[in-house]
Amino acid sequence: MTTVELTDKMRRAGLRPSAQRLAIMQYLEMFRTHPSADEIYKALLPEFPSMSLTTVYNTLHALVGSGLLREVEIEPANLRFDSASTPPHGHFRCRCCGRIFDMPLPDGIILENMPGGFAVDSLDLYLKGTCPDCTTARD
Ligand SMILES: [Zn+2]
Ligand SMILES: [Zn+2]
């Protein structure tokens with residue numbers, strides 16, 4: 001997504017597209033690693049030396065509140081973030097290296113089979129195990 005598209009998206013969500021907000025959005029679009037607030041803070045610090053970790057937290061919170069980002073709660077002690085522009089997907093956490101991977105959801109999982117009257121707007125699927133790299137390294 002280009003800066004213009006991101007700016008537009010942010011305006012439509014009712015957020016002022018500040019340089020820091022744009023940088024955080026761009027970081028999450030570019031790196032599909034589901035970083036924590038701390039990781040994003042450290043990565044952007046060279047570009048924004050006066051930015052505080054609190055600012056990063058507040059910005060992430062605002063972006064989640066506006067539906068531009070999603071929280072990934074696969075590790076209770078370490079909240080991570082994901083761009084909301086990717087289609088709904090599950091997450092797999094490798095117990096060995098700790099990386100988090102996007103996993104496709106089977107078509108029509110659960111959502112189509114909900115009892116009448118329930119409007120679902122969020123679905124989280126969390127899987128844990130060993131990733132291909134770690135499985136190979138262990139053999
Ligand atoms: Zn692994
Ligand atoms: Zn994801």
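The buried residues of helix 3 pack against helix 2 (19-30) and helix 4 (53-65) in this predicted model. Helices (H or I, at least four residues) and strands (E, at least two) are DSSP runs numbered from the N terminus. Helix 3 spans residues 37-44, and its buried residues are Ala 37, Ile 40 and Tyr 41. Viewed down the axis of helix 3, these buried residues fall within an arc of 100 degrees, so they line one face of the helix; the arc is that of the directions from the helix axis to the C-beta atoms. An α-helix has 3.6 residues a turn, so residues three or four places apart point the same way. A residue is termed buried if 20 or more other C-beta atoms lie within 10 Å of its own, exposed if 12 or fewer, and partly exposed in between, with C-beta atoms placed from the backbone.

Residues are numbered from 1 along each chain as its sequence is written, while chains are lettered from A and ligands numbered from 1 in the order in which they are written. As the model is a predicted one, local features need pLDDT of at least 70 and side-chain atom pairs count only at pLDDT 80 or more, whereas totals for chains, interfaces and linings use all residues.

The axes of helix 2 and helix 3 come within 11 Å and cross at roughly 110 degrees. This angle makes helix 2 roughly perpendicular to helix 3. Axes are lines fitted to C-alpha atoms, for helices over the stretch in contact, and angles run from 0 to 180 degrees between N-to-C directions; those under 35 degrees count as roughly parallel, over 145 as roughly antiparallel, 65 to 115 as roughly perpendicular and the rest as oblique. On the helix 2 side the contact involves Ala 23, Ile 24 and Tyr 27, which meet Ile 40, Ala 43 and Leu 44 of helix 3; two residues are in contact if their C-beta atoms, placed from the backbone, lie within 7 Å. The residues of this contact divide into 6 nonpolar, no polar and no charged. In this classification Ala, Val, Leu, Ile, Met, Phe, Trp, Tyr, Cys and Pro count as nonpolar, Asp, Glu, Lys and Arg as charged, and the others, Gly among them, as polar.

Helix 2 also packs with helix 1 (residues 3-12), at an angle of about 115 degrees and with the axes 10 Å apart. Thr 3, Leu 6, Thr 7 and Met 10 of helix 1 and Arg 21, Leu 22, Met 25 and Gln 26 of helix 2 make the contact, which by class has 4 nonpolar, 3 polar and 1 charged residues. Of the 10 residues of helix 1, the number buried is 1, so helix 1 lies largely in the open. Helix 1 is followed by Gly 14, whose phi is positive, near 80 degrees.

The loop between helix 2 and helix 3 contains His 34. Although His 34 is not a glycine, its phi is positive, at about 55 degrees. His 34 counts as buried, with 23 C-beta neighbours inside 10 Å.

Leu 63 is found in helix 4 and is buried, with 22 other C-beta atoms within 10 Å. Leaving aside neighbours within four places in sequence, Leu 63 is in contact with Arg 21, Ile 24, Met 25, Leu 68 and Leu 69. The C-alpha atoms of Leu 63 and Leu 15 are 8.2 Å apart, although these residues are 48 residues apart in sequence. Leu 69 belongs to strand 1 (residues 69-72) and is likewise buried, with 21 other C-beta atoms within 10 Å. Not counting residues up to four places away in sequence, Leu 69 touches Leu 28, Leu 60, Leu 63, Val 64, Phe 81, Asp 82, Ser 83 and Ala 84.

Overall, the protein has 5 helices and 5 strands, following the pattern α-α-α-α-β-β-β-β-β-α along the sequence. Of its 139 residues, 17% count as buried. In helix 5 (residues 132-138) lies Pro 132, which counts as exposed with 9 C-beta neighbours inside 10 Å.
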